[in-house]
Amino acid sequence: MSGLPTATHDWLAGPGLARLWDAVRKRLEGNGVHPTGSLRLTTVSAQERNDLSLLLGKPLTGPAVTVRLDALDERLRTSAAGLGLREVLEELGPPLNDRRAARDDSAAQRRHVWSSLASSLDASPLAGQRWTQQWTEVLRRTGVPRGVIPEAAVRTLQQAVQILTVLLDPERTSTRGRGELAATATGSAHGLDDGTWLARIVQRGIALTHDVELPSNAADRRALWRLVSVTPDEVSSTVLTYGLRPTGDSWRESALRERAAHHAETHLTPRDLLDMRLQLLAGTVIHICENPRVLEAAADAACAKPLVCTSGSAATVVLTLFDALASAGCSFVYHGDFDWPGIALANRIIRRYEAQPWRMGAEDYERLAADSQAEGVPQLVLDGTPVDADWDPSLASAMTALGVALHEEATLDLLVRDLT
């Protein structure tokens, strides 16, 4: 129940004192909730002047009023309100937020986080190693991610020290899976997944100890884990291929040639690419498509030319394969969807590998659009922000003019003929 008499509460909550209470609330919340100092209200209305005069017990005549908070506190205590300034404000509105105390508490919690890290390092075999000081400085500078409470931050940093102690043990010779390592330290096999704060700070420690740059992509992160004999997941992501005939002598190269001879598609994992020497005949042209249906049709037609599918936006394993093929002296031609995401993807592949466009010009688009309309195929509306094609400045304007999106399936017969 309210501590203010009803009539007093209603009068204090009236419009004539609203600006006063707002200003007093801000002042108290910023100074530790102490009724000290003074504040000034300007351009005071007639009603405000009348109510302030009654509240303060003195006549006010000017357009501005200065209010001493200690005097107001005493006045309220001895009036019908019978409560101090803080209590009155909380009766009239929400509880006061002591921002100074909150700042002090937050600073104390931050100090606790970093002192806990220092204690963990001092109690570990990592104590005194030169890189740990730099690691700690970087972590303090980047700070704790938003949303991570202090208790969780302390726990995560302790786990990082525990994991780095294991990984940097000079007597360790065994290889461990990343999921296994994460489960041991955190209780979850996903505790060191890419994107987690724990994974980032552990990777930073590994990078510092090996004097390498912190990786910025998935392939480099996997390479960093391998520096400390940790095997990330190398089997769940794949790249869809067809017709690759490497010249190596291992069973993996032989298996690829065998599948190519039988016109069978092959899903390659990062582990395959790590262990395989993709040495093809110099000058081999690799056709690239965006949609798996193109590769499926090529296999059904027993096409002879090698083909790799990005399956939409090229994942790391796809780019890893392209990097290996480019290093082996292969060149590329590319075909994708005639929509804005498809043009953006084509730009990335063509720029990175100096690929040639494959039936991706404005004339190709206009011919396909006309054919699909003549055949009565329902038209897919072209949505989104236009993207200029690096290889044909007129393509974006042609697509905008017709407003039709065309996926690779619309030109499937021509693509298969090119691959035969």
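Two strands are taken to pair if DSSP finds at least two bridges between them, and helices (H or I, at least four residues) and strands (E, at least two) are DSSP runs numbered from the N terminus. The model is predicted, so that local features need pLDDT of at least 70 and side-chain atom pairs count only at pLDDT 80 or more, while totals for chains, interfaces and linings use all residues. Residues are numbered from 1 along each chain as its sequence is written, and side-chain values use heavy atoms, with hydrogens and water left out.

View 1. Six strands, in the order β6-β5-β8-β7-β9-β10, form an open sheet with mixed pairing. Its edge strands, each pairing on one side only, are β6 (265–268) and β10 (356–357). Strand β9 (residues 331–334) runs parallel to β10 and is joined to it by 2 bridges, with Gln 356 of β10 as the bridge partner of Val 333.

**View 2. Helices on the sheet.** Helix α14 (residues 292–300) lies across β5 (239–242), β6, β7 (285–289) and β8 (307–309), and runs at about 25° to β5; axes are lines fitted to C-alpha atoms, for helices over the stretch in contact (heavy atoms within 4.5 Å), and angles run from 0 to 180 degrees between N-to-C directions. Helix α15 (residues 316–327) also packs on the sheet, where α15 touches β5, β6, β7, β8 and β9, and its direction makes about 45° with that of β5.

**View 3. The pair α6 and α8.** The axes of helix α6 (residues 99–122) and helix α8 (residues 150–167) come within 9 Å and cross at roughly 20°. That makes α6 roughly parallel to α8 (angles under 35 degrees).

Definitions and conventions. Parallel < 35°, antiparallel > 145°, perpendicular 65-115°, else oblique.
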